[in-house]
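This report describes selected local features of one structure. The sequence and model are shown first.

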Amino acid sequence: MSVFGDEFRPSSTPSRTRPHSNLAVLRLAVLLLFGVLVVRLVDMQIVKGDDYARRSENNHIVATNILPARGLIYARGGEPLVENAGVYAATIVPEFLPEKQDDRYRIYLWLENNLGVPVLDSQTRVAEAEKNSRPGQAIVMKSHLSREEALVLEEASTDMPGLSLRIVPGRDYIGGEAFAHVLGYIGPQTAEEAKLLREKGYAFNEPVGKAGVESRYEEELRGEIGFSANEQDAHGNLLNVLMTRNATPGNSLRLSLDLDLQQYVAELLEDSLGDAKVAAAVVMSPKTGEVYALVSVPTYDNNLFGDLERRQAEYVALATDDERHPLLNQALTESAPGSTFKLITAAAALEEGNITPSTSLNVTSTVLEFKGENGVIYPLYDWRAHGWIDLIGAIAWSSNHYFYMASCGIQNGGKGLGRNTEESAVILGYYARALGLGKATGIDIDAGEMPGIIPSPEYKRRVHTGPEFNPEDREWYYADTCFMGIGQQDVTATPLQIARMTAAIANGGKLLTPHVVSDVLGPDGAVVKSMHPEYTTVPVDPANLETIRLGMRASVSQGAGSRAAQPGLDIAGKTGTAEFGPEKANGKRDEHAWFTGFAPYNDPEVVVTVYFDLGVGGEKAAPVAGQIFRYFMDHVQP
Amino acid sequence: MTFGYAARPRTFAFRGWDRFDYLLLVTSAMLVVYGLVLIHSASSTTFDGPLTSFANPVARQALFAIISLGIMFTISQLDYHYLTHYAWLLYGIGILALIAVLLFGNEEYGSTRWFDLGIIQVQPSEFAKLATILLLARYFSEHGGDARELRALVMSLIIVVPAALLVFIEPDLGTSVVFGAIWLGVVIIAGVNRGHLLVLGAAFFAVLPFAWTFALDDYQVERISVLVNPDESPLDAGYNVIQSQIAVGSGQIFGKGLMNGEQTQLRYLKVPTKDFIFSVLGEELGFAGALALFLLFIVLLMRIIRAAQIAGDAAGQLIAVGVAMLILMQAFINIAVNVSIFPVTGIPLPFLSQGGSSLMSMFIALGIVQSIIIRHRAYRQT
């Protein structure tokens, strides 16, 4: 190089042009551009510095919830009805996915090849989450992985950022489908629930009781959530545990339900359905209100709610079955109680004194024509010409004409329950409510328990409004009180209400609150809380209840309920056959079949109520109830 | 001013040491050391081998720096007229290299900018920038050192545009902006007619909307719009913007301390030793550290502008101006990206970012500037 030296004069540089002298503009540009940067940094680091510092913290500190072990549920004998099962799920947190589309595709492809999740699915769901700016939230790509799948995923996820195995608490209901309606199920929070639950300290991914006992005893079963705050890097790797609070497991429940009895009754009802679509039975203690069996047929597998993704079709089939409504708890669903209501009419009439135990009526014809105040001729039917019967006979043989008389006073010189027909209806309603009808029993399961209807003149005026009703449809007629007296008209009740009412008659006037949970057990198995019988006293003289019990005993021993009789068992009961729906071509209407009773007569241990949506009480419900009594006495009673 | 030229022994291998700009040398060396410290901090999570290993990014960068310094001294000995003499040839090679890299280069982060030569990655645009500066200086010095003539101005555009376009296709938006800035700086100092510049400027802004629609790739449009609202796509294009914002902003006045920046150490920043090295600085050394950096750059640039001031001829002056614009714009764009006032584009921070190619080209440029200083006007007048 030095060959050119200072004397080098390249020929291609012809002239030594004078350089320009003013470079201030350049110096200005330097100062200006760096000035811009300084201004920007003042804004970012000094003015908004605190803000960014906070964001930096949040960037890498991740709080992880430690979900508590949910309490278990046991049957009366201690048999477990539910198990906690971890549900393995493949999840993607979009935030942690690699930036490059190629790398993401590799992960999606792995999901497709190993777990059968289509690539397109993954792509759309990730894109959706990112669009809704929820990139930090895990998306469940596939739930209910098998153990093998979970292991493969656990191993593979280490070099696939964003993809991970998540274990969500789930439930295995092992008590059989018979318990589905009582136990209910747990499930993920809905958007509406989430808001409320967050205030109670629930984690977003924490399942919550949705129905039945799972829902009603949520607070006992849930336990207390724990958490750990962890520091993690941009790839989601855990670096440091900053703080941990362990979760407290939930309390367990012991039900009053008997495992074998519940299953036996469920099978029995299923087998006895015949042309009926649905059936229900309640077996309960008239002493404590404990429910031994609460069965609704048809039932379903509540494990289905734990795996809704996979069993969607099955769920849709259940939810859209308008014929049988399998998801509905029939034991808590209202329908016309028919002649079982006559027990209430009897109690009301004895109490009001318009009849006495010895008041007799000669039923000579099955039809009693009666001209109402609106000029309409009402044919009042009885199911047979009973001849002379007293109250006990009327209960035993379920005479309609006798209870028309007891309620509205027809054939008794118009001497009904009250001074006029409206008052009679109101008085009858009062006794019905006193015996637990017309409002929910308060049983401790969340199943949409229906209150049932006890009509009244006021009720009829209120309900019968609208363009489809004439003004005269809103009036309360004499015949309305008569029909109400035999559990028709608009009266409805649930099998559980009828069972409870029967229990009150059986135990001498204690209207018990039914319950299915006997004890709450701590995580160590010790009893934390026990349920005590709760009741209100029915305003009916025990002597009058005794008379009614005698009628019920006669019903089973010789009357309409005789098919419930079991050798060696002193059973008392009442049948019911309630007409419902429109008149058919043969002039008849469909009928619900009821039987409600208790045993043994002298010291009632158990109340059994059976309901079929189609059938005659004495023929269909009574024999089933008899078998349940038999099973209870042989297998359950201590 | 008198210089001891006559007294200087001619046998001394390194000539012009008395005129050599040591402040310029020291400033550039301090910037490199600053960079080494930051690379050390930013790479500590990904590299935990010994400091002396060649695989250690700090050691590599230090080695490149030493080589680059040697090249700088060598070039400072070379009369820059020798370089302007071959400017057309160098420029031609530069353009060919840019075409070649498009055809055969390695793709990284969606952009084809590199040749992988095994031990070192070469970025032809670094070389092309210097060649373009040399050619512009040569051209204007041959034409009265002057850009007053419209013809000369258009000719200078014809020199810059092909290189800028080729870089734009790679795509490397930032570097094409650097090309434009170099051109602008050179023609302004070369005395461009303001009217001409206004017309050209107007034409440029008239074409801009079409460029937005047709010439800019989706990713570029996205990066620009992300700048306006990074939270809209926090994971894709917005990720770097948000993470660098958080890093710089959370540094506050004095920073979190070296090796203590969570954003850096927990790897929330992408390429923290290269394009986002300023975010590391901002987070760990804070506003104070940034000011120190700015001061170093300003001193460096002022020394280069001084070189332009005292240059012996128009060619020397315009080269110095070009180099000043090159370093100024690279530094500005890189930092502007880091503080989210410029769309994300892969421009290294001169002297600091990890990468031998960039470091070497910077010191070559400084070597040329030193050559201009050694042969400055006062000296020539003696």
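## Burial of a cysteine pair

The model discussed here is predicted. In chain A, Cys408(A) and Cys482(A) are both buried.

## The disulfide

These two residues are joined to each other: a disulfide links Cys408(A) to Cys482(A), with an S to S distance of 2.0 Å. The structure holds one disulfide over all chains. The link between Cys408(A) and Cys482(A) is right-handed, with 100 degrees about the S-S bond. Because Cys408(A) belongs to helix α14 (residues 400–408) and Cys482(A) to helix α17 (residues 478–484) of chain A, the pair ties together parts that are 74 residues apart in sequence.

## A buried glutamate in chain B

Glu284(B) is located in helix α12 (residues 277–310) of chain B. Although buried, Glu284(B) has no salt bridge. The nearest side chain of opposite charge belongs to Lys256(B), 8.3 Å away, whereas the cut-off for a salt bridge is 4 Å.

A polar atom of the Glu284(B) side chain does lie 3.1 Å from the backbone nitrogen of Met259(B). Leaving aside neighbours within four places in sequence, the residues in contact with Glu284(B) include Ser41(B), Phe254(B), Lys256(B), Met259(B), Asn260(B) and Gln265(B).

## A loop isoleucine in chain B

Ile341(B) is found in the loop between α13 (314–338) and α14 (356–374) of chain B. Its relative accessible area is 33%, so Ile341(B) is partly exposed. Ile341(B) and Val241(B) are separated by 100 residues in sequence, and their C-alpha atoms are 9.7 Å apart in space.

Notes
Residues are numbered from 1 along each chain as its sequence is written. Chains are lettered from A and ligands numbered from 1 in the order in which they are written. This is a predicted model: local features need pLDDT of at least 70, side-chain atom pairs count only at pLDDT 80 or more; totals for chains, interfaces and linings use all residues. Side-chain values use heavy atoms; hydrogens and water are left out. A disulfide is a pair of cysteine sulfur atoms within 2.5 Å. Helices (H or I, at least four residues) and strands (E, at least two) are DSSP runs, numbered from the N terminus. Buried means under 20% relative accessible area, exposed over 50%, partly exposed in between (1.4 Å probe, protein chains only). Lys and Arg count as positive and Asp and Glu as negative; His and the chain ends are not counted. A polar contact is a pair of N or O atoms within 3.5 Å; within protein, one must be able to donate a hydrogen and the other to accept it, and residues adjacent in sequence count only if both atoms are side-chain atoms. Contact means heavy atoms within 4.5 Å.
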